[in-house]
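Subject: Structure handover

Hello,

Here is the structure for you to look over. My notes follow below it.

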Amino acid sequence: MKLQLAMDVLTTADALALAGKVAPYVDIIELGTPLIKAEGLRAVTAIKDAHPDKIVFADLKTMDTGELEAGIAFAAGADLVTVLGTAGDSTIIGAVTAAKEHGKGIVVDLIGVADKATRAREVTALGVEFVEMHAGLDEQAEEGFTFQTLLTDGANSGVAFSVAGGVNASTIASVQQSGASVAVAGGAIYGASDPAAAAAELRAAIV
Ligand SMILES: O=C(CO)[C@H](O)[C@H](O)COP(=O)(O)O
(Lines give C-alpha, C1' and ligand atoms only; values in the text may rest on other atoms or scores of the structure.)
Protein backbone atom coordinates (compact mmCIF):
# COMPACT_ATOMS: atom_id res chain seq x y z
CA MET A 1 0.00 0.00 0.00
CA LYS A 2 1.27 3.44 -0.96
CA LEU A 3 1.18 6.45 1.37
CA GLN A 4 -0.13 9.77 0.03
CA LEU A 5 0.40 13.14 1.71
CA ALA A 6 -2.56 15.51 1.20
CA MET A 7 -1.34 19.10 1.50
CA ASP A 8 -4.31 21.23 2.52
CA VAL A 9 -2.17 24.32 3.02
CA LEU A 10 -2.76 27.57 1.18
CA THR A 11 0.56 28.78 -0.18
CA THR A 12 3.18 27.28 -2.44
CA ALA A 13 5.84 28.23 0.10
CA ASP A 14 4.08 26.27 2.83
CA ALA A 15 3.55 23.33 0.48
CA LEU A 16 7.23 23.26 -0.51
CA ALA A 17 8.27 23.41 3.12
CA LEU A 18 5.89 20.61 4.12
CA ALA A 19 6.80 18.38 1.18
CA GLY A 20 10.48 18.95 1.90
CA LYS A 21 10.06 17.52 5.40
CA VAL A 22 7.72 14.66 4.55
CA ALA A 23 8.79 13.45 1.08
CA PRO A 24 11.17 10.72 2.34
CA TYR A 25 8.20 8.91 3.93
CA VAL A 26 5.54 9.17 1.20
CA ASP A 27 5.02 7.86 -2.32
CA ILE A 28 2.48 10.41 -3.55
CA ILE A 29 2.40 14.16 -2.87
CA GLU A 30 -1.07 15.68 -3.25
CA LEU A 31 -1.78 19.35 -3.76
CA GLY A 32 -5.18 19.85 -2.13
CA THR A 33 -8.03 21.62 -3.86
CA PRO A 34 -7.80 24.77 -1.68
CA LEU A 35 -4.07 25.07 -2.46
CA ILE A 36 -4.64 24.82 -6.21
CA LYS A 37 -7.51 27.32 -6.01
CA ALA A 38 -5.33 29.74 -4.06
CA GLU A 39 -2.12 29.39 -6.03
CA GLY A 40 -3.06 27.92 -9.40
CA LEU A 41 -1.28 25.17 -11.28
CA ARG A 42 2.06 26.94 -10.75
CA ALA A 43 2.05 25.21 -7.37
CA VAL A 44 1.89 21.83 -9.11
CA THR A 45 4.90 22.75 -11.24
CA ALA A 46 6.83 23.93 -8.18
CA ILE A 47 6.22 20.66 -6.32
CA LYS A 48 7.07 18.48 -9.33
CA ASP A 49 10.27 20.46 -9.93
CA ALA A 50 11.26 20.00 -6.28
CA HIS A 51 10.27 16.31 -6.15
CA PRO A 52 10.62 14.81 -9.63
CA ASP A 53 10.90 11.30 -8.17
CA LYS A 54 7.49 11.49 -6.45
CA ILE A 55 4.02 10.93 -7.90
CA VAL A 56 2.43 14.40 -7.90
CA PHE A 57 -1.33 14.36 -7.41
CA ALA A 58 -3.41 17.42 -8.35
CA ASP A 59 -6.74 17.31 -6.50
CA LEU A 60 -8.70 19.32 -9.05
CA LYS A 61 -12.05 17.63 -8.25
CA THR A 62 -13.08 18.33 -11.84
CA MET A 63 -16.82 18.31 -12.55
CA ASP A 64 -16.89 19.42 -16.21
CA THR A 65 -14.49 19.91 -19.14
CA GLY A 66 -12.57 16.80 -18.10
CA GLU A 67 -10.18 16.71 -21.03
CA LEU A 68 -9.34 20.42 -20.78
CA GLU A 69 -8.81 20.58 -17.00
CA ALA A 70 -6.88 17.31 -16.76
CA GLY A 71 -4.76 18.33 -19.75
CA ILE A 72 -3.61 21.61 -18.21
CA ALA A 73 -2.78 19.88 -14.91
CA PHE A 74 -0.72 17.20 -16.68
CA ALA A 75 1.07 19.88 -18.69
CA ALA A 76 1.89 21.62 -15.39
CA GLY A 77 3.54 18.48 -14.02
CA ALA A 78 0.81 16.42 -12.39
CA ASP A 79 1.04 12.64 -12.61
CA LEU A 80 -2.48 12.00 -11.27
CA VAL A 81 -5.54 14.29 -11.45
CA THR A 82 -8.91 13.89 -9.75
CA VAL A 83 -12.33 14.03 -11.38
CA LEU A 84 -15.48 13.76 -9.29
CA GLY A 85 -17.49 10.55 -9.43
CA THR A 86 -20.65 12.66 -9.56
CA ALA A 87 -19.53 14.04 -12.93
CA GLY A 88 -21.00 12.56 -16.06
CA ASP A 89 -19.25 9.70 -17.79
CA SER A 90 -18.37 11.98 -20.72
CA THR A 91 -16.34 14.21 -18.37
CA ILE A 92 -14.47 11.20 -16.98
CA ILE A 93 -13.87 9.81 -20.48
CA GLY A 94 -12.48 13.20 -21.56
CA ALA A 95 -10.11 13.28 -18.61
CA VAL A 96 -8.95 9.72 -19.37
CA THR A 97 -8.29 10.82 -22.96
CA ALA A 98 -6.02 13.60 -21.68
CA ALA A 99 -4.28 11.15 -19.34
CA LYS A 100 -3.53 8.78 -22.22
CA GLU A 101 -2.15 11.65 -24.31
CA HIS A 102 0.26 12.56 -21.49
CA GLY A 103 1.02 9.02 -20.26
CA LYS A 104 -0.51 9.91 -16.85
CA GLY A 105 -3.58 8.85 -14.83
CA ILE A 106 -7.02 9.87 -13.58
CA VAL A 107 -8.34 9.17 -10.09
CA VAL A 108 -12.08 9.43 -9.50
CA ASP A 109 -13.01 10.97 -6.15
CA LEU A 110 -16.21 9.41 -4.81
CA ILE A 111 -16.93 12.19 -2.31
CA GLY A 112 -20.69 12.73 -2.11
CA VAL A 113 -21.55 9.54 -4.02
CA ALA A 114 -24.17 7.50 -2.15
CA ASP A 115 -23.39 4.09 -3.66
CA LYS A 116 -19.61 4.30 -3.87
CA ALA A 117 -18.99 0.62 -4.67
CA THR A 118 -21.23 0.65 -7.76
CA ARG A 119 -19.89 3.96 -9.09
CA ALA A 120 -16.34 2.70 -8.45
CA ARG A 121 -16.92 -0.23 -10.79
CA GLU A 122 -18.57 2.00 -13.43
CA VAL A 123 -15.73 4.53 -13.58
CA THR A 124 -12.99 1.90 -13.42
CA ALA A 125 -14.47 0.46 -16.63
CA LEU A 126 -13.90 3.92 -18.20
CA GLY A 127 -10.13 3.59 -17.74
CA VAL A 128 -9.29 5.44 -14.53
CA GLU A 129 -6.24 4.42 -12.48
CA PHE A 130 -8.14 3.95 -9.23
CA VAL A 131 -11.01 5.44 -7.25
CA GLU A 132 -10.86 7.38 -3.99
CA MET A 133 -13.17 6.28 -1.17
CA HIS A 134 -13.36 9.74 0.32
CA ALA A 135 -15.13 11.48 3.17
CA GLY A 136 -14.42 15.19 2.92
CA LEU A 137 -13.48 17.42 5.82
CA ASP A 138 -17.09 18.65 6.17
CA GLU A 139 -18.52 15.14 6.08
CA GLN A 140 -16.05 13.97 8.72
CA ALA A 141 -17.41 16.66 11.04
CA GLU A 142 -21.03 15.57 10.57
CA GLU A 143 -22.78 13.70 13.35
CA GLY A 144 -22.89 9.96 12.73
CA PHE A 145 -19.93 9.85 10.35
CA THR A 146 -18.21 6.48 10.39
CA PHE A 147 -14.80 5.89 8.82
CA GLN A 148 -15.50 2.17 8.55
CA THR A 149 -18.03 2.78 5.75
CA LEU A 150 -15.21 3.89 3.44
CA LEU A 151 -13.33 0.66 4.07
CA THR A 152 -16.41 -1.50 3.54
CA ASP A 153 -17.28 0.30 0.31
CA GLY A 154 -13.72 -0.10 -0.93
CA ALA A 155 -13.58 -3.79 -0.12
CA ASN A 156 -16.99 -4.36 -1.72
CA SER A 157 -16.10 -2.48 -4.89
CA GLY A 158 -13.72 -5.14 -6.16
CA VAL A 159 -11.59 -2.48 -7.91
CA ALA A 160 -8.43 -0.54 -7.01
CA PHE A 161 -9.11 2.16 -4.44
CA SER A 162 -7.57 4.67 -2.08
CA VAL A 163 -9.02 5.81 1.25
CA ALA A 164 -9.09 9.49 2.23
CA GLY A 165 -10.66 11.35 5.10
CA GLY A 166 -9.64 10.41 8.61
CA VAL A 167 -6.54 8.32 7.93
CA ASN A 168 -4.22 8.55 10.94
CA ALA A 169 -1.97 6.38 13.10
CA SER A 170 -5.01 4.72 14.69
CA THR A 171 -6.79 3.90 11.43
CA ILE A 172 -4.06 3.16 8.90
CA ALA A 173 -3.80 -0.55 9.77
CA SER A 174 -7.51 -0.99 9.05
CA VAL A 175 -7.05 0.82 5.73
CA GLN A 176 -4.41 -1.67 4.70
CA GLN A 177 -6.53 -4.60 5.89
CA SER A 178 -9.40 -3.38 3.69
CA GLY A 179 -7.25 -3.95 0.61
CA ALA A 180 -6.67 -0.29 -0.29
CA SER A 181 -3.88 0.51 -2.75
CA VAL A 182 -3.26 3.96 -1.25
CA ALA A 183 -3.80 5.54 2.19
CA VAL A 184 -4.23 9.33 2.01
CA ALA A 185 -3.30 11.35 5.08
CA GLY A 186 -3.70 15.09 5.39
CA GLY A 187 -4.39 16.53 8.83
CA ALA A 188 -2.63 13.65 10.57
CA ILE A 189 0.60 14.86 8.94
CA TYR A 190 0.32 18.60 8.27
CA GLY A 191 -1.49 19.17 11.58
CA ALA A 192 1.17 17.40 13.64
CA SER A 193 3.77 19.32 15.61
CA ASP A 194 6.41 17.24 13.78
CA PRO A 195 5.05 16.36 10.31
CA ALA A 196 8.09 14.26 9.39
CA ALA A 197 7.73 12.14 12.54
CA ALA A 198 3.99 11.75 11.92
CA ALA A 199 4.62 10.62 8.34
CA ALA A 200 7.34 8.25 9.50
CA GLU A 201 4.93 6.69 12.00
CA LEU A 202 2.32 6.15 9.27
CA ARG A 203 4.96 4.69 6.95
CA ALA A 204 6.12 2.30 9.68
CA ALA A 205 2.54 1.09 10.18
CA ILE A 206 2.37 -0.15 6.59
CA VAL A 207 3.52 -3.75 6.42
O1 LIG B 1 -9.38 16.03 -0.16
C2 LIG B 1 -9.55 16.46 0.96
C3 LIG B 1 -10.70 17.30 1.33
O4 LIG B 1 -11.61 17.39 0.27
C5 LIG B 1 -8.55 16.12 2.03
O6 LIG B 1 -7.27 16.38 1.56
C7 LIG B 1 -8.64 14.67 2.40
O8 LIG B 1 -9.96 14.39 2.79
C9 LIG B 1 -7.67 14.33 3.53
O10 LIG B 1 -8.35 14.41 4.75
P11 LIG B 1 -7.67 14.28 6.17
O12 LIG B 1 -7.09 15.65 6.51
O13 LIG B 1 -8.79 13.88 7.08
O14 LIG B 1 -6.59 13.24 6.09
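β7, helix α9 (residues 172-177) and β8 form a right-handed β-α-β unit. Right-handed means that, with the strands pointing away from the viewer, the path from the first strand over the helix to the second runs clockwise. Helices (H or I, at least four residues) and strands (E, at least two) are DSSP runs, numbered from the N terminus.

Before the rest, the ground rules. This is a predicted model: local features need pLDDT of at least 70, side-chain atom pairs count only at pLDDT 80 or more, and totals for chains, interfaces and linings use all residues. Residue numbers start from 1 along each chain as its sequence is written.

Strand β7 (residues 161-164) and strand β8 (residues 182-185) run parallel and are joined by 3 bridges. Two strands count as paired if DSSP finds at least two bridges between them. Ser162 has Val182 of β8 as its bridge partner. On its other pairing, β8 meets β1 in the parallel sense over 4 bridges. There, Leu5 has Ala185 of β8 as its bridge partner.

Which way do the residues of β8 point? Val182 and Val184 point one way, Ala183 and Ala185 the other way, and all are buried. Buried means 20 or more other C-beta atoms within 10 Å of the residue's own; exposed means 12 or fewer, partly exposed lies in between, and C-beta atoms are placed from the backbone. In a regular strand the side chains alternate between the two faces of the sheet.

Now the whole sheet. 8 strands close into a barrel, in the order β1-β2-β3-β4-β5-β6-β7-β8, with parallel pairing. Neighbouring strands of this sheet are turned by 25° against each other on average, direction ignored. Helix α1 (residues 12-22) packs on the sheet and touches β1 (2-7) and β2 (28-31). Its direction makes about 155° with that of β1. Axes are lines fitted to C-alpha atoms, for helices over the stretch in contact; angles run from 0 to 180 degrees between N-to-C directions. Contact means C-beta atoms, placed from the backbone, within 7 Å.

The chain has 11 helices and 8 strands. Its radius of gyration is 16 Å, close to the 17 Å that the globule rule gives for 207 residues, so the chain is as compact as a globular protein of that length. The radius is taken over C-alpha atoms; the rule is 2.2 Å times the number of residues to the power 0.38. Buried residues make up 49% of the 207 residues.

Is Asp153 buried or exposed? Asp153 counts as buried because it has 22 C-beta neighbours inside 10 Å. Leaving out residues up to four places away in sequence, Asp153 touches Lys116, Ala117 and Met133.

Last, confidence. The chain averages a pLDDT (the predictor's confidence in each residue, from 0 to 100) of 98. 100% of the residues score at least 70.

Best wishes

Methods. Contact = placed C-beta atoms within 7 Å.
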